[in-house]
Amino acid sequence: MSNRVQLASRRDFLTGMFSAGALILGARFIPAETAEVQVTSETEKATWHPNVWVGLNSDGSVVIVAHRSEMGTGIRTSLPMVLADEMEADWSRVRVEQAIGSEKYGSQDTDGSCSIRDFYDTMREAGATARAMLVNAAAEHWRVPLDECQAQNHQVLHAKSGRKLGYGELAAAAANQPLPHNSTIHLKKTSEFRYIGKGVPSVDLKDFCTGRAVYGFDVHVPGMVYASVERAPVLGGALRSFDDSQAKAVKGVQQTVVIEHAKPPYKFQALGGVAVIADNTWAAAQGRKKLKVEWDFGPNAIVQTDTYKRNLIATANKPQKVVRKVGHVDNAFQGASKILEATYYTPLLAHASMEPPAAVAVYRDGKVETWAATQSPQDVQKTVAEALGIKPEDVTCHVTLLGGAFGRKSKPDYVAEAAILSKKIGKPVKIAWTREEDIRFDFYHSTSAMYFKGGLDTSGKPIAWLQRSAFPPIGSTFDGKSEYGDDGELEMGWTDVPFAIPNFQAENGPAKAPVRIGWLRSVANIYHAFGVQCFVDELAHAADQDPIEYWLALLGPARKLDFKGEVEKFGNYGKPLTEYPFDTARLRRVVEIVADRSGWANKRTNKRAVGFAAHRSFLTYVAAVAELDIGSDGKVRIPRIDMAVDCGPVINPDRVKAQFEGAAVFGASVALLGDINLADGRVQEGNFDKYPVARMNDAPVETHVYLVPTEDALPTGAGEPGVPPMSPAIYNAVFASTGKRFRELPLRKQKLV
Amino acid sequence: MIQLKVNGAARQYDDDPEMPLLWYLRDELQLTGSKFGCGMGLCGACTVHINGEASRSCLTPMSAAAGKEVTTIEGLSENGTHPVQRAWEQIQVPQCGYCQSGQIMQAVALLKKKPRPTDQDIEEAMSGNICRCGTYQRIRQAIKIAANQKAGAKA
């Protein structure tokens with residue numbers, strides 16, 4: 001194992017971040033298999049590519065660079081906090097700086113609920129190394145044995161003599177210490193943690209409450225103009241002609257500019273269209289309304305949601321490609337005493353983060369500087385570079401705060417628009433999408449159809465389970481042709497169904513994408529968990545058993561699943577099963593805890609509308625109970641959600657709780673409200689009137705989150721795993737209350753009364 | 001010429017009278033604490049106070065702001081010390097933070113009218129403000145904390 005932590009020079013940082021003589025350390029995430037001991041000569045230091053940085057100034061101030069994007073999870077606080085803890089730094093003397101996009105940080109793509117699990121160890125080692133160098137410097141200064149010195153809250157102490165040196169006083173001497181090999185540094189014991197497991201408030205909290213926080217929408221650079229783009233309303237449409245005479249007559253409008261239309265595969269390209277350039281946001285929008293544009297709509301102009309949905313359902317009802325096989329379902333169905341069949345459907349969804357996509361770009365002398373609300377600044381660099389025919393390293397991406405993202409803002413088409421326009425007109429350009437643009441030109445969460453067939457024996461236990469699905473896959477956005485779900489999508493709740501059923505078969509059929517498909521908070525887990533977790537509930541009722549007891553019986557004995565011989569390969573969210581097992585005992589435990597804490601049994605006895613679902617995603621185990629009030633008018637309220645969560649050790653408990661509280665609301669939007677529909681290939685929804693998201697009066701009133709980590713496990717994921725169990729838990733509660741089994745999202749479109 | 005006061009300072013505006021106040025605040029005055037979310041008065045991210053009343057600045061033409069006193073999140077208090085802001089901090093309401101200026105301005109207006117709001121009052125006043133991160137539960141709690149603090153201060 002090599003040193004992941006190495007010395008860096010001041011010139012690797014943004015200008016002015018550190019004073020001369022500062023101790024600066026970088027840590028680098030190196031996969032174990034490529035690790036080897038590296039020598040750090042002066043020249044190598046200058047070209048070395050670390051991804052996590054900490055610096056200590058001689059005034060004692062510590063600067064920690066956050067290389068992940070802040071979209072509401074608190075990651076910009078939590079990862080630096082981990083480093084500060086291991087460094088024994090006083091958090092009140094730490095300043096967090098946001099990294100620009102650069103390969104030297106490794107992956108910056110803030111998605112997949114992976115920031116803590118991928119960077120927790122790295123941050124700890126970086127902090128512990130800094131601490132070791134400070135202690136070494138103090139011991140050398142006092143000429144005392146190393147083991148008589150101890151770091152404590154921004155100081156090194158020599159207990160015997162009662163002497164102390166502050167971190168600031170030690171900075172210069174520490175910087176001259178040889179870098180300790182990471183086999184010689186020691187990480188803190190859990191009992192020694194100052195911040196880890198306890199948490200600190202977000203570094204942005206004060207700014208959030210005073211309006212000072214800066215998002216992509218808020219960026220202002222001198223001389224910038226405002227652009228508003230009219231795009232083809234159908235994916236694949238192309239500009240035929242346009243008349244901008246009335247647009248140009250609007251006061252404040254400067255000019256119009258054509259952006260070439262994108263050709264498949266669309267990837268993150270700017271879609272193209274006609275841009276109106278103006279003095280301010282309002283004039284640009286008014287000008288755009290006055291454009292007269294003729295489009296060639298292209299082949300997607302025939303797509304209607306009704307027909308598309310029928311085809312998707314028909315596909316899911318026919319034999320398809322087998323993606324997981326256990327035993328022989330066909331034979332087993334013949335011996336079943338009872339057979340159930342059901343078809344589920346989920347619509348396209350838009351992300352609708354509160355801040356629509358926004359960016360500023362300045363093109364100058366073959367280089368671009370951008371400020372963007374982005375989850376993935378390196379994808380900004382690549383996408384802008386490709387659009388302008390320049391090199392990624394000639395694109396500087398400053399990462400602002402993100403006003404929500406949920407996966408939308410890892411796709412930087414909007415930044416490419418700003419950059420293309422800036423190059424064309426030679427001025428700094430701001431792009432700030434309207435809500436209608438955000439909803440009509442999204443990378444949509446996929447629509448799906450799922451068919452289920454269960455065969456029960458005389459005791460009501462399933463002896464055979466067959467499931468078939470069809471959904472346009474995310475891969476289509478990148479290759480222009482994919483029609484089958486890839487392993488990543490299928491492992492999100494389809495091929496990794498954990499039940500102990502002797503005959504189980506999962507299939508997946510083809511679907512062409514009529515729109516750009518992308519990932520949205522918890523991705524394919526949303527529809528898979530909805531179908532699977534509702535169908536289990538159907539079986540439980542067919543067997544006349546308590547849904548949770550039935551579910552646990554189905555889960556079977558405690559075991560670690562590897563799906564060997566059943567699926568081609570199991571990716572486990574990119575992590576080895578040895579470190580992150582699929583442990584049914586952990587799943588059972590969260591189910592038992594939520595059953596107990598929610599008062600499930602009592603509520604069932606009292607005929608409350610309660611529903612249950614449990615699901616593992618992003619390596620995290622979540623069980624949820626939803627309690628509803630359904631009025632005689634069919635109006636659904638959610639007085640309470642209970643969620644038990646095992647996401648391994650919890651670094652910042654309040655922020656993790658907040659993620660699950662938020663996921664309950666996000667999940668309520670999915671269950672109750674959201675759907676995107678196409679007519680002639682055009683998205684019919686455009687704002688919160690037709691694409692509602694949960695408001696205070698729709699959202700769960702109380703969400704109780706129980707963080708119940710397994711001892712000695714590794715941290716997993718927190719941002720997404722709360723979403724998947726929500727819609728099945730809610731739909732199962734609707735059934736418990738009304739006796740009606742609805743199998744399509746959203747509930748608002750179903751006839752409750 | 002439209003004359004108005006923004007956060008106590010006298011301002012003059014001489015351009016399109018139909019332009020919504022939001023864009024005047026954001027693009028002209030660079031007071032970016034008030035946010036764009038929908039442009040249709042559906043989400044509340046742009047909420048400011050006009051003569052003390054919570055108003056959607058994305059729907060308020062400059063002509064309607066003439067002669068009015070506008071308060072934005074930037075003008076609500078010195079250094080974020082309003083009891084509502086303090087309550088927001090105390091229980092860490094914000095996640096991404098984007099909608100929170102609007103939420104806070106809406107909550108302040110509610111407490112001005114109803115110093116001890118019921119759950120029903122809170123829901124009625126706040127359901128026009130969308131938070132996509134889903135911080136509603138904490139917004140509810142924070143409003144109650146602020147109400148109690150204010151009541152305590154008066155006693």
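**Cores and contacts in a predicted two-chain model**

Trainee: Which residues touch the most other members of the largest nonpolar core?
Mentor: Keep in mind that this is a predicted model. The core in question has 263 residues. Those touching the most other members are A:Leu134, A:Ala419 and A:Ala624.

Trainee: And which helix gives the most to this core?
Mentor: Look on chain A, at residues 115-142. That stretch puts 12 residues into the core, and the helix is α3.

Trainee: What is A:Ala624 in contact with, leaving aside its neighbours within four places in sequence?
Mentor: Contact here means C-beta atoms within 7 Å. With the sequence neighbours set aside, the partners of A:Ala624 are A:Val594, A:Ala613, A:Ile641, A:Asp642, A:Met643, A:Pro725, A:Met726 and A:Ala729.

Trainee: OK, now the interface: which element gives the largest share of the side of chain A that touches chain B?
Mentor: The contact takes 49 residues from chain A and 44 residues from chain B. On the chain A side, the elements giving two or more residues are α5, α7, α19 and β30. The largest share is seven residues, and they come from α19(A).

Trainee: How many residues of helix α1 of chain B are buried?
Mentor: This helix spans residues 21-28 and is mostly covered. B:Trp23, B:Arg26 and B:Asp27 are among the buried ones. Out of eight residues, the buried count is seven.

Trainee: Which element of chain A do the buried residues of α1(B) pack against?
Mentor: Within chain B, they pack against β2, α2 and β5. Across on chain A, their partner is α7.

Note on methods. Residues numbered from 1 in each chain as written. Chains lettered and ligands numbered in written order. Predicted model: local features only at pLDDT ≥ 70, side-chain atom pairs only at ≥ 80, totals over all residues. Contact = placed C-beta atoms within 7 Å. Helix = DSSP H or I, 4+ residues; strand = E, 2+ residues; numbered from the N terminus. Buried ≥ 20, exposed ≤ 12 C-beta atoms within 10 Å, placed from the backbone. Core = buried A, V, L, I, M, F, W, Y, C linked by C-beta atoms within 7 Å.
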